[in-house]
Amino acid sequence: MASVATRVAIYPGSFDPITNGHLDLIRRAAQQFDELVVAVLRHDTKVASFPLKLRLSMIAESVEQMPNVRVAAFDGLLVDFARREGARLILRGIRAVSDYEYEMQMALMNRQLAPEIETVFMLPAEAYSYLSSRLVKEVSRHGGNIENLVPLHVAAQLRKLRHAAAEPTG
């Protein structure tokens, strides 16, 4: 009997912070693959609100009940990381047409660099179709209720961030 290869997928992002929309995609993707690696880019072009170590910790706590989901940080090209992980698939979430245009460019570049690795787009559940880390941070910054948008431990970290920004310096 031939052995079946492990199906590994990579879900990359900045996850600054992880939201319930991200977790929706992670839960659904975890059901489709033997292993799902939530991959956080170390040196993203965006300035992160949370340090990498804290983002990794928040993600790990969010997925601790999913045994086939693992969290990792990476540098460099995503396709190189995918190859090192033995992944043949990159998962990307798309909320709107504007997401698609950017994601299509990235998928085509990744295909050029690594034709053996496919990119698959998933739509979030309708309840999360508007949700982004940027919006969550904005609502939190202004004191809005975010507890239905992120896991409770992430909401606590966002409150800490808001309070730290409000403290006078010097």
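I take helices (H or I, at least four residues) and strands (E, at least two) as DSSP runs, numbered from the N terminus. The model is predicted: local features need pLDDT of at least 70, side-chain atom pairs count only at pLDDT 80 or more, and totals for chains, interfaces and linings use all residues. Residues are numbered from 1 along each chain as its sequence is written, and side-chain values use heavy atoms, with hydrogens and water left out.

**Entry 1: Ser62**

I looked up S62 and found it in helix α2, which spans residues 52–62. I then listed its contacts (heavy atoms within 4.5 Å). Leaving aside residues up to four places away in sequence, S62 touches I18, L23, P151, H153 and V154. With H153 there is also a polar contact, side chain to side chain, at 3.1 Å. A polar contact is a pair of N or O atoms within 3.5 Å; within protein, one must be able to donate a hydrogen and the other to accept it, and residues adjacent in sequence count only if both atoms are side-chain atoms.

**Entry 2: the sheet**

I traced an open sheet of five strands in the order β3-β2-β1-β4-β5, with parallel pairing. From one strand to the next, the twist averages 30 degrees. Two strands pair if DSSP finds at least two bridges between them. Strand β4 (residues 89–93) is joined to β5 by five bridges, and the two run parallel. In this pairing I noted L91 opposite V120 of β5.

**Entry 3: helices across the sheet**

For directions I used axes fitted as lines to C-alpha atoms, for helices over the stretch in contact, with angles from 0 to 180 degrees between N-to-C directions. Helix α3 (residues 78–85) lies across β1 (8–13), β2 (35–41), β3 and β4, at about 150 degrees to β1. Helix α4 (residues 97–113) lies across β4 and β5, at about 160 degrees to β5.

**Entry 4: aromatic pairs**

How many aromatic pairs does a search of the whole structure find? The search finds three. Rings of Phe, Tyr and Trp (its six-membered ring) pair if their centres lie within 6.5 Å; planes under 30 degrees apart count as stacked, over 60 as edge-to-face and the rest as tilted. One of the pairs, Y11 with F15, is edge-to-face, at 5.3 Å centre to centre and 80 degrees between the planes. F74 and F81 form a stacked pair, at 4.9 Å and 25 degrees.
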